Amino acid sequence: MALDRWIALILLGICLTYGYTAWFTMDASLAPFMKRNPIWPSTFPKVLSVLATLACLSILLGLEKSEAKEPEIDYRRLHEYKLGQAVMLLALMAAYALCLRPLGFLISTTAFLVLGSFILGERKWLVMIPIALTATGVVWYLVQEVLGIYMRPLPGFLGG
Amino acid sequence: MLEGLLIGLQTAMSFQNLAMVIAGCLIGTFIGMLPGLGPMSIIAIMIPVAISMGDPSAALILLAGVYYGAIFGGSTSSILLNAPGVAGTVASSFDGYPMARQGKAGKALTIAAIASFAGGTIGAILLMVFAPMLSSVALLFHSAEYFALMVVGLSAIAAFAGTGQVGKALLMTVLGLIMATVGEGALFNLPRFTGGIMDLQSGFGFITLAMAMFALPEALFLVLKPKDAGSADGEIKDLRITGAEARSIAPVIGRQSIQGFFIGVLPGAGATIASFLGYAVERNIAPKHEQDEFGKGSIKGLAAPETANNAACTGSFVPLLTLGIPGSGTTAILLGALIALNVSPGPRLMIDEPQIFWAVIMSMFIGNLVLLILNLPLIPYIAKVLAIPRNYLIPFILFFTLMGAYIGQNNATELLILVAFGICATALKFADYPLAPLLIGFILGGMLENNFARSMQLYDGVSFIWERPMTLGLLVIAAILILLPSYRARRARLRAQGVADGD
């Protein structure tokens with residue numbers, strides 16, 4: 001089965017779960033006076049669940065004939081591309097999200113920019129580090145000082 | 001009107017007010033380029049500065065300049081990095097970013113600058129002429145018509161459906177609508193589909209979703225297939241648009257200035273719907289060979305939303321200045337600023353304080369001109385962002401993507417949601433599912449449900465569909481726009497079969 005149909009199958013599962021909640025469990029907690037309304041919080045989701053299920057089925061059953069076209073990246077030959085770099089960058093982004101609060105903006109961001117370039121193959125440390133430090137400092141100043149949006153600059157034990 | 005124009009010109013051309021327009025445009029452009037900071041947040045930040053000046057005309061002129069500048073800045077990040085920070089510039093990335101990837105970043109920015117200028121200027125002329133009249137027309141639109149208008153806005157999905165791909169585009173739209181139902185709805189105030197997770201009470205963040213759908217998969221594709229990264233040799237060429245290109249986008253600019261302005265006049269519609277609708281309409285009326293170019297770097301596909309969103313921004317001042325009704329989030333903030341400045345917008349503003357009303361209109365002309373003069377010479381420098389080596393550019397795109405989501409919500413969990421959605425979006429892109437319809441569904445979902453619910457309550461059911469002719473008319477248009485691509489594809493297939501069979 002082609003990838004688009006596998007995805008349609010997964011989405012069908014999600015839509016059926018969504019639909020089950022909308023049709024069977026959502027209205028249980030509804031206050032009695034709300035049940036006299038012509039529209040309930042579940043009305044719109046109910047309509048959407050039916051539409052989504054029909055759309056999923058039309059793809060799964062191949063009701064619409066589409067022309068085959070050359071994909072930008074062929075997922076069957078994914079191993080031929082730089083998959084390792086992409087996965088490492090995603091892991092780095094997740095790590096950044098987890099470290100932003102405990103390590104503070106300045107350390108997390110500098111490390112993210114330096115490690116991001118490193119993963120992509122850059123080895124000029126004397127260029128990488130000053131660029132990352134300058135960019136981090138400028139963005140922090142702009143966001144924190146000029147725009148007044150609070151971002152903890154350093155970890156708690158360093159007074160951040 | 002002539003007297004009013006002269007008063008406005010005199011006020012707007014004073015040294016202080018000219019400086020305000022220029023400062024506003026510059027601040028708006030630079031901050032607007034940062035994904036995550038849209039006109040609403042920039043204007044909110046600038047309000048204390050504007051109020052401290054004490055002069056309502058100067059304050060409004062500054063804020064209007066910031067508004068236009070931010071819209072222009074948002075388009076720049078959409079075109080160069082595929083990172084639309086505001087809903088109103090999402091449609092600009094559909095063709096602007098492919099143009100930038102084809103090495104036509106300079107040309108894309110030039111078209112964006114000219115289209116924005118034209119949209120804003122024509123919008124200001126229409127505002128000047130029609131403001132009092134249009135305010136009464138806008139009041140004819142009730143929730144039923146708004147609901148139908150949102151459905152027409154959703155019909156833009158047809159523009160993203162390739163041959164035989166309407167099902168996929170529809171599924172993505174419905175998925176976007178489903179995502180919009182997560183969290184507390186404005187009408188019911190009941191948490192829905194949150195799974196008990198506190199962070200989902202307010203629903204998914206638009207910026208997070210926009211970044212996950214556009215910027216993140218694009219950056220990952222650049223990593224996977226390095227040869228395609230950035231422009232070919234870093235040289236920014238092809239800044240000028242040819243006579244033929246100018247002639248081809250001129251009617252688009254003309255049509256979308258008018259359409260965008262009138263959509264902007266409707267309270268609740270605004271730049272986002274105007275840009276999607278502008279894109280969909282231009283795509284649907286284009287000849288077949290030009291239709292295929294949409295989404296792949298069509299200059300018409302870029303000019304349409306760019307013109308429409310600026311014209312709609314100008315149009316949104318009509319209900320604000322003449323009725324005191326904010327038509328969008330941004331004009332709601334501007335209304336707050338007006339009240340703080342002891343100015344009461346409404347039907348009497350034009351009579352009681354003509355210098356404010358007309359000065360704002362004149363400042364729109366000046367602001368658009370300032371943006372054009374400032375930005376056209378800067379385009380080669382702005383577009384140089386694509387010449388940055390891939391090893392540095394990609395981490396910066398990812399960083400701005402993360403920052404956009406973080407600043408918008410000030411919540412680190414949002415970043416994990418961004419990464420998770422980014423992975424899903426990349427998988428969907430591999431399987432050739434169009435991502436833009438999902439975002440359109442998400443953006444319009446909340447408004448669609450609220451207007452649908454209000455209409456249902458008012459009419460005690462769905463009878464509003466046939467009892468209000470304007471609603472029915474709009475819904476019929478939407479159905480035609482959605483079904484037309486499928487019909488065309490079927491007809492083309494049958495014709496091809498006929499030829500093959502020797503008919």
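A: A residue is called buried when its relative accessible area is under 20%, exposed when it is over 50%, and partly exposed in between. In this predicted model, B:Arg255 has a relative accessibility of 36% and therefore counts as partly exposed. The side chain of B:Arg255 meets that of B:Glu282 in a salt bridge, with 2.8 Å from N to O. This pair links distant parts of the chain: B:Glu282 belongs to helix H11 (residues 270-285) of chain B and B:Arg255 to helix H10 (residues 243-265) of chain B, 27 residues apart. B:Glu282 is buried, because its relative accessibility is 2%.

Another salt bridge joins B:Glu290 to B:Lys300, whose closest N and O atoms are 2.7 Å apart. Here too distant parts of the chain are linked, since B:Glu290 is in helix H12 (residues 288-291) of chain B and B:Lys300 is in helix H13 (residues 299-315) of chain B, ten residues apart. B:Glu290 is partly exposed at 24% relative accessible area, whereas B:Lys300 is buried at 15%.

A further salt bridge is formed by A:Asp4 and B:Lys168, with 3.1 Å between the closest N and O atoms. This pair crosses between chains, from helix H1 (residues 3-25) of chain A, which holds A:Asp4, to helix H8 (residues 166-180) of chain B, which holds B:Lys168. B:Lys168 has a relative accessibility of 7% and so counts as buried. Over all chains, the count of salt bridges comes to seven.

Terms used: Residues numbered from 1 in each chain as written. Chains lettered and ligands numbered in written order. Predicted model: local features only at pLDDT ≥ 70, side-chain atom pairs only at ≥ 80, totals over all residues. Heavy atoms only, no water. Salt bridge = Lys/Arg side-chain N within 4 Å of Asp/Glu carboxyl O. Helix = DSSP H or I, 4+ residues; strand = E, 2+ residues; numbered from the N terminus. Buried < 20%, exposed > 50% of the residue type's maximum accessible area, 1.4 Å probe, protein only.
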